[in-house]
Amino acid sequence: MPLEIVTIPCLSDNYAFLAHDAESGNTALIDAPEAGPILAELENRGWTLSHVLLTHHHFDHVDGLPAILEKHPAKVIGAAADAHRLPPLDQQVAEGDQFEIGGEPVQVMDVSGHTVGHVAFYMPQSSVVFTADSLMALGCGRLFEGTAPQMWASLSKLAALPDDTLVCSGHEYTQSNGKFALTVDPDNTALLERVADIARARAANEPTVPSSLALEKATNPFLRATDPAIQAHLGMENADPAAVFAEIRARKDRF
Ligand code: ZN
Ligand code: FE
């Protein structure tokens, strides 16, 4: 049975997620931006955390952890490469590692770029990937530590997952991402439709996260550096996709 996924808004625009296995009763928290809303959701559902999965070291993904662990002494899992700057880890993981939540396999993907040591957690049986600030809804994380080729490689790995994969990312930035996306991919009808859907959702105060990987591949400019229309729009026909990605990322930084 697929894990039940719950999206929890935290801070001003962050998302944390719960992944619950009804059979075993195990529940994983993915990222810990803020204790209050996460503890409230757990209490409402009568769930106890068994695992906490940390994607990267930024404060808005880890600061809630100490208060959460006081009530839920769960096993904390994060990147070995980031162990020196993450909260204390019970298990250190790296690209290609696999562990289980209940009976569900979890695969670790290195998706460095936003930070070096950022990991994503892919659960193939439930078709869900937790990407935080690597692949985001209609966007990707800013390159604070890694390089554009590194982020392009990370996004390409995520894009190779099955189309029906649910992408659980870390922030509600989708509406402003959409405004930018239209500047580099203005004739993309799937993008125009999605931007209209996002406007409707946000007007109703609904989250736009998670999204499907198929939709991201059709509309997210950061996954579309090989697209001939985008390349032509940038005057970069047949350029190296990593260079096209770098140009799109640089334009977004100035947007
Ligand atoms: Zn971050
Ligand atoms: Fe963040």
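Visitor: Let's start with H58. Is H58 buried or exposed?

Guide: The cut-off to keep in mind is that buried means under 20% relative accessible area. H58 sits at 16% relative accessibility, so it counts as buried. Keep in mind that this is a predicted model.

Visitor: And how does H114 come out, buried or exposed?

Guide: H114 is buried as well, with a relative accessible area of 5%.

Visitor: Which residues coordinate the zinc ion (ligand 1)?

Guide: Look for the donor atoms around the metal. Here they come from H56 (NE2), H58 (ND1), H114 (NE2) and D133 (OD), at 2.2 to 2.3 Å. Along the sequence, these donor residues follow the spacing H-x1-H-x55-H-x18-D.

Visitor: What do the angles say about the site of the zinc ion (ligand 1)?

Guide: First, the general idea: four tetrahedral donors would ideally make angles of 109.5 degrees at a metal. In this model, the angles among the four donor atoms of the zinc ion (ligand 1) run from 83 to 172°, and the site is irregular.

Visitor: Which residue coordinates both the zinc ion (ligand 1) and the iron ion (ligand 2)?

Guide: That's D133, and the two ions are 3.1 Å apart.

Visitor: Now helices. What length should α6 span?

Guide: Count 1.5 Å a residue: the 15 residues of α6 (residues 189–203) should span 21 Å, and the C-alpha atoms at its ends are 21 Å apart, which agrees.

Visitor: Which residues of α6 are buried?

Guide: A handy rule is that an α-helix has 3.6 residues a turn, so residues three or four places apart point the same way. In α6, the buried ones are L191, R194, I198 and A201. They cover an arc of only 80° around the axis, so they lie on the same side of α6. T189, E193, R200 and A203 are exposed on the other side.

Visitor: What covers the buried residues of α6?

Guide: The cover includes α5 (174–184), β14 (211–212) and α7 (213–219).

Visitor: What should I look at around the ends of α6?

Guide: At the start, a side-chain oxygen of N188 comes to within 3.0 Å of the backbone nitrogen of A190. Just after α6, N205 has a positive phi of about 60°.

Note on methods
Residues numbered from 1 in each chain as written. Chains lettered and ligands numbered in written order. Predicted model: local features only at pLDDT ≥ 70, side-chain atom pairs only at ≥ 80, totals over all residues. Heavy atoms only, no water. Donors = N, O, S within 2.8 Å, 3.2 Å for Na, K, Ca; no water. Tetrahedral: all angles 85-135°; square planar, octahedral: opposite > 155°, others 65-115°. Buried < 20%, exposed > 50% of the residue type's maximum accessible area, 1.4 Å probe, protein only. Helix = DSSP H or I, 4+ residues; strand = E, 2+ residues; numbered from the N terminus. Expected span 1.5 Å × (residues − 1). Arc of directions from axis to C-beta. Contact = heavy atoms within 4.5 Å. Polar contact = N/O pair within 3.5 Å; in protein donor to acceptor, adjacent residues only side chain to side chain.
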